[in-house]
Amino acid sequence: MPPPAAAETVEQALASAPPGTRIGLLVVDADGRELAAVRADERFVPASNTKLFTTAAAFATLDTAAPDVAGGATVRLEGRDVVLAGHGDARLSSAADCTADCLAELARAVVARTRTVRDVIGDDTAFPDERWPAGMSWNNIPGRYGTAISALTLDDNVTTLTVDGAGKVSGDGYYRIDGRVDVTTGGEPSLGYARLPGSDRMTVTGTIPAGHAPVTLTVGVDDPAHRAAWRFVRLLRAAGVRVTGTARVRHRAVTPADDPATRGQAPVARAPEPVPLARLTPGPLAEDVRLTNKVSQNLHADLLLRRVGRVTGSGSVADGQAVVAALLDKAGVARAGYGFSDGSGMSSYNRISPRTAVALLRWAATQPWGAAWRETLPVGGVDGTLARRFAGTPLDGKLFAKTGTLNAANALSGYLIAASGRTLTFSALANDMADDASATAAIDRALLAIAAAN
């Protein structure tokens, strides 16, 4: 344990958290000796610390170093219809300046074969249709952080709206816009938006000063496969292809066979994939895992959970959870120490203990992929979600950890280099802050005290 003076400093730091906060903390040295332990075995909502478990499973299960052939989108013809099929790639782009993993490349393959098609079908049947995790707050659905999850993902499954200085709201035509923005004589823009689940009507409200520069709002989509097919129709028409039909979708409903507990030892039924006109090959998954952890990208994390679940399963959430559970069994983690409903941390049903996180982190450090995985974590004072935290402190550039923020939940778990030069492994989880106050300052002060004392 820390010297008495340091222990008192840690205690004071944790006590500075907002009233009602429940904090769990565990810090161990390279030998596993506990240097600080507070509620280390209690379970907490981990928020985006969930991504530690998902991305570790990706490194342990998938070939993250090679080009992502398996995940790339394809296009094919079925009679007069075009089928755009996704396989879990998170980086497919329709941006005008796209240089890699571009939807336009698939459009060119269609143009080279035919100049008239009927319907364009967005096919995301590589995974069962589980667009949102259990336990995610429904009010997150209209925004980028809660956008739907699909094997056919395009442009991070978001689109943008623009509000100009005259209060006019415009988009790309995918949503019907109900603009209710008032123009003011001064101040700063204050804008919001809302959309009922399943609706294509987006209501934009708030105020904007007259003549203000346009403000961009990023909003989520409910049916990514449909959005991708809709964008593909536009690309084909722009390239001179006559599309006589509409954008349609092809989903795969969840069945009992998508749950390994129900399926048992029965093999997963998979129809042979038709030969495509063209297939994209995204870059290595390690690049996407780095993005996922550095900026805490929810959609990409949830796609990774499905990707690991498809290696021996159906690509369902349940199959992904089984892979994570098997990983934690290898790490020696008790099943009572965790419970997950998603791969990103958006679900309020997720639970872990500080000891569970520390056990994963220590075990991962011993794996062949451990160093590469650690490099995907944000660095204190340097980058990602920790770019501003710990800057100018003794832990600037010496703390490598995953952040987490959700309603009444803050988390930080990873590795730090103490004053002695030793590497410590830690997990700090805070829940139950009133009025959604933040406990990050208290957590940071405690970690700085522990680092200084060791």
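**Pockets, helices and positive phi angles**

Q: How much space lies in the second largest pocket?
A: This is a predicted model: local features need pLDDT of at least 70, side-chain atom pairs count only at pLDDT 80 or more, and totals for chains, interfaces and linings use all residues. Residues are numbered from 1 along each chain as its sequence is written, and side-chain values use heavy atoms, leaving out hydrogens and water. A pocket is an open set of points on a 1 Å grid over the protein atoms alone, with protein on both sides within 12 Å along at least five of seven lines; its volume is the space filled by probe spheres set on points joined across faces, edges and corners. For the second largest pocket that space is about 440 Å³.

Q: Which residues that line the second largest pocket are the closest to its centre?
A: Lining residues have an atom within 4 Å of a point. There are 27 of them here, and the closest to the centre are A47, S48, M346, T405 and L406.

Q: Which element gives the most to the lining of the second largest pocket?
A: Strands are DSSP E runs of at least two residues, and helices are H or I runs of at least four, numbered from the N terminus. By class, this lining has seven nonpolar, 17 polar and three charged residues. Five residues come from the element that gives the most, β18.

Q: How many charged residues are in the lining of the largest pocket?
A: About 690 Å³ of space lies in this pocket. Its lining has 28 residues, with T125, A126, R270, A271 and R310 nearest the centre. Asp, Glu, Lys and Arg count as charged; Ala, Val, Leu, Ile, Met, Phe, Trp, Tyr, Cys and Pro as nonpolar; the others, Gly among them, as polar. The lining divides into 12 nonpolar and six polar residues, and its charged residues number 10.

Q: What is the volume of the largest cavity?
A: In a cavity, a 1.4 Å probe fits but cannot get out. The structure holds four of 30 Å³ or more. The largest is lined by 13 residues, among them Y145, G146, T147, I149 and D302, which lie nearest its centre. Its volume is about 70 Å³.

Q: How far apart are the end C-alpha atoms of helix α8?
A: The expected span is 1.5 Å times one less than the number of residues. For the 14 residues of α8 (317-330) that gives 20 Å. The model agrees, with the end C-alpha atoms separated by 20 Å.

Q: Which elements are included in what covers the buried residues of α8?
A: Buried means under 20% relative accessible area, exposed over 50%, and partly exposed in between (1.4 Å probe, protein chains only). In α8 the buried residues are V317, D319, G320, V323, V324, A325, L327 and L328. Their cover includes α2 (50-61), α5 (260-263), α7 (298-309), β16 (338-339) and α9 (354-364).

Q: How many of the 12 residues of α2 are buried?
A: The helix should span 16 Å, and its end C-alpha atoms are 17 Å apart, which agrees. Its buried residues include K51, F53 and F59. α2 is largely enclosed by the rest of the structure because the buried residues number 10.

Q: Is F390 buried or exposed?
A: F390 is found in the loop between α10 (370-374) and β18 (399-406). Its phi is positive, near 70°, though it is not a glycine. With a relative accessible area of 5%, F390 is buried.

Q: What is the relative accessibility of R39?
A: R39, also not a glycine, has a positive phi of about 50°. The loop between β2 (34-38) and α2 holds R39. R39 counts as partly exposed because its relative accessibility is 39%.

Q: Which residue's backbone oxygen lies 2.7 Å from a polar atom of the side chain of N454?
A: N454 lies in the segment after α11 (440-453) and is buried at 11% relative accessibility. Leaving aside neighbours within four places in sequence, N454 is in contact (heavy atoms within 4.5 Å) with L35, A418, A419, S420, R422 and L424. The backbone oxygen at 2.7 Å belongs to I450.

How values were computed
Polar contact = N/O pair within 3.5 Å; in protein donor to acceptor, adjacent residues only side chain to side chain.
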